[in-house]
Amino acid sequence: MPLSHLDRLEAEALHVLREVAAQFRKPVLLYSIGKDSTTLLHLLIKAFAPAKPPIPLLHIDSTFEFAETYRFRDAVPAKYGVELRVHINEDGVRDGIDPFKHGVSVHTEVMRTQGLKQALAAGGYDCAIGGARRDEEKSRAKERIFSFRNAALRWEPKAQRPELWNQYNGRIHPGESVRAFPLSNWTEMDVWRYIEREGIALPPLYFAADRPVVERDGVLLMRDDARMALREGEREMMRRVRFRTLGCWPFTGGVESEADSVGKIIAELENVTTSERQGRVIDHAPGDSMEKKKQEGYF
Amino acid sequence: MDRLRFITCGSVDDGKSTLIGRLLHDSRNASDDQMAALARDSAKHGTQGEALDFALLVDGLVAEREQGITIDVAYRYFSTPKRHFIVADCPGHEQYTRNMATGASTADLAIVLVDARKGVLPQTRRHSWICALLGVKQVLLAVNKMDLVGWDERVFAAIRAEYAALAEAVGIERVQAVPVSALQGDNLTRRGGADWYSGPSLLEHLEAAPIPALDIDGPARLPVQLVLRPHQDFRGYAGTLAQGRLAKGDAVLVQPSGHAAILASVAVGGREVNAAEAGQAVVVTLDRERDVSRGDVLCAAASPLPVSDQFVAHVVWMDEAPLLPGRGYWLRIGTREVAATVTEISHRIDVNTQAHEAAKQLAMNDVGLVKLSLAAPIPLASYAESRTLGGFILIDRLTHATAAAGVVRHSLRRGENLRWQAFTVDKALRAAQKAQVPRCVWFTGLSASGKSTIANLVERGLVAQGRHTYVLDGDNVRHGLNRDLGFTEADRIENLRRVAEVAKLMVDAGLVVLVSFIAPYAREREMARSLFAPGEFIEVFVDTPLEVCEARDPKGLYAKARAGLIPNFTGVNAPYERPEAPDVRLDTTTATPEALASTVIERLDRR
């Protein structure tokens, strides 16, 4: 029986993870606790079994993750037998960077992009593995699986290395680095079908439940703690929602849903007509905002 | 469900991005918010007036949207109830031959677009030939813009016939033709436009096209990616099975060493299995200790791969720096990396006509037939046999760019390739062989300013990076080459002239030369600079004040000069002309020699 689409995606991801281990001196896997990076973690274990993965996990903590996200994260090292490193941009904390005061863009820039740069420099990592997929966003559709970053950590879309067959060129000079994306060729639906097939555990936020939410600018936000002040006329209400992606809770909108299992989510996605990043406030800036962010070093 | 990977080929105005955008939209694979963004983008950059410009669904980079062209390969994903699809959307310009080769390398099928008004063009031939070169053997010919020729059946028939002849000539085995209008969506996902066409739509063809199976019946080939050693008692070899099947108990040969072993276990994703097949990522163990490392290939013992260090290949050149015979590259094939040299360019191939031309070098987007020589023999398959073990890339040793993609035609027996093509060994070639940019770095400054200390640290740093260097020092030259010279002004000028000439010879040899000389006269420093190509000579002024040098005085020379024992001592009783605009100025009073050496090395890294 020929290999299925999912089998081939899995094999490709394992191959890429092993190439990272073979070609780089000090790789790291950026773990965001979301479904994609948890899938990546599952693949990481498979790629090196029965050995322990030679690649640690790194979480860039924005300090505004959902409480459930933190709980899930803290259980990961024991559950998977991996090393998890956490980095917080202490400059941002010291300066009191707050998504409600400074806005989404500034908060993301300082706590995620700058935080990531700090952590990569401090750790001396020459390759960072991420769970990004090409179907997520237009500029990602052109990014390589081994995506070269110059010494300023910038992505140069016009100077990408051609990538043929399963040959990934990870040769770099000191200071340069590579971002590796083993899930490049997966779609959101592929990820969910794989999660279902493999029985991968996810943070409960992905599944519909009655949750207290506030409607703000057309987005259903879950008020995860008191740092979010209610505006006039706003009130918390219980809604049955789930989250299609897990970012910082102040700008990750929930969708109303009855899907409380992976199977139901897949059934729901088969009929859905919005892309998963729709709930993310950051992407709604002008059309090229992701490309710009990536050039600046955002993942 | 299975999946088909395909590439779309067409030129700027053939409507390729429109076709893909339409296909995504009409097969209900574009989401509402993507459509809303499309409406916004269409109003801003669209080329279709009031209507949606479907090309903007796929042209992702800012420059592409602004210029209305596709620059890079974009990958798209969609599925129908029958099949999953991965699309490589490739630019069609001649200057993007490399991108098309990239997209074709993983494709099972190609959609070739032809503008019904223009018919089969040289670029159609180029696209088809590149696809065939990279092993894509089936084509869906989309004759587009049929609405603009009034859906004239004769136009379609003529183009289909002309393309059939072309396909046969370039080695495409299977062709299906569909008349379409990408703009209107006719015959993409639904029939339309012409009543005379009753064949399948483009999408129906895509759903029915045979998928070239991974070769699971051929002899097993497992290129080893890495060795897993979790503990003393386990040594596993991880890799993606390129061909055939592997089962516990199978006899294998480790290539190129040729050692035999029996598979003790086969696992996929950490779980032991009875057998694994081509395409799967596996871990195997052997029944005995064998020396196996990354780059080796485990082969079915009964039919190992031929091992060779010389072979013939087609290469698509992808780098701005041209391919020069004699220059060294890293070759990657399977999981092995080995030093390689192109010994001969047999011919260049005109990508439009496929005519063979004599060539001394290959420029970016050129395709040629070449002979390669490797530093060590490796197991080799022809590309026709195996895309994985017969397709390779060449990596530039200096920039680390992926310089070329190649497909192995056949290996050469020893002796067949002894004749090296006549090529000129020059500075560029010598430098490339050393994977570096040759330079003359001239440290000038007073005696005891720190020139030699810093020059020596710079050399150590460069050697640690694998560079090839030499330090020319005032003392070592005066003891030999310039033994006959004294310290009069005339002798000092002659001293500098000779050193500059020696430095020039060393740069010509491809070295990074570090000259540590007082060189007190501006005119002589200029003379030295004039011997080199622009950017090759770097003047480093070690700017240490006289009092500091005098206080250091490690050899007691200043004391002697002050006592009148040394005539013509620079700074005391002979002039030092400060450089007006050195390339690098180093202040030794505020930074350590190590930090200053790093500054110089960083300056050298700039090109």
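The radius of gyration is taken here over C-alpha atoms, and the rule for a globule is 2.2 Å times the number of residues to the power 0.38. In this predicted model, chain A has a radius of gyration of 19 Å, which agrees with the value near 19 Å that a compact globule of 299 residues would have. The C-alpha trace of chain A spans about 55 × 50 × 40 Å along its principal axes, and 52% of the 299 residues of the chain count as buried. Chain A contains 8 helices and 10 strands; of its contacts between residues at least 6 apart in sequence, 77% join residues that are at least 24 apart.

Chain A is divided into two parts, domain 1, comprising residues 5-190 together with 288-296, and domain 2, comprising residues 202-282. The C-alpha centres of domain 1 and domain 2 of chain A lie 24 Å apart, and the contact between them takes 20 residues from domain 1 and 19 residues from domain 2. On the side of domain 1 of chain A that touches domain 2, the elements giving two or more residues are α2 (35-48), α3 (67-80), α5 (99-123) and α6 (188-198) of chain A. The residues on that side of domain 1 of chain A divide into 9 nonpolar, 5 polar and 6 charged.

Between the chains, 52 residues of chain B are in contact with 47 residues of chain A. On the side of chain B that touches chain A, helix α2 (residues 32-45) of chain B gives the most, with 5 residues. The residues of this side of chain B comprise 23 nonpolar, 17 polar and 12 charged.

Within chain B, 5 strands form an open sheet with parallel pairing, in the order β25-β26-β24-β27-β28. Strands β25 (469-473) and β28 (584-586) of chain B stand at the edges and each has a single partner strand, so that one side of each is left without a neighbour in the sheet. Neighbouring strands of the sheet are turned against each other by 20 degrees on average, direction ignored. Strand β24 (residues 439-444) of chain B is joined to the parallel strand β27 (residues 537-542) of chain B by 5 bridges, and Phe537(B) in β27(B) is the bridge partner of Cys440(B).

Notes: Residues are numbered from 1 along each chain as its sequence is written. Chains are lettered from A and ligands numbered from 1 in the order in which they are written. This is a predicted model: local features need pLDDT of at least 70, side-chain atom pairs count only at pLDDT 80 or more; totals for chains, interfaces and linings use all residues. Two strands pair if DSSP finds at least two bridges between them. Helices (H or I, at least four residues) and strands (E, at least two) are DSSP runs, numbered from the N terminus. Axes are lines fitted to C-alpha atoms, for helices over the stretch in contact, and angles run from 0 to 180 degrees between N-to-C directions. Domain bounds come from an automatic or database domain assignment. Two residues are in contact if their C-beta atoms, placed from the backbone, lie within 7 Å. Ala, Val, Leu, Ile, Met, Phe, Trp, Tyr, Cys and Pro count as nonpolar, Asp, Glu, Lys and Arg as charged, and the others, Gly among them, as polar. A residue is buried if 20 or more other C-beta atoms lie within 10 Å of its own, exposed if 12 or fewer, and partly exposed in between; C-beta atoms are placed from the backbone.
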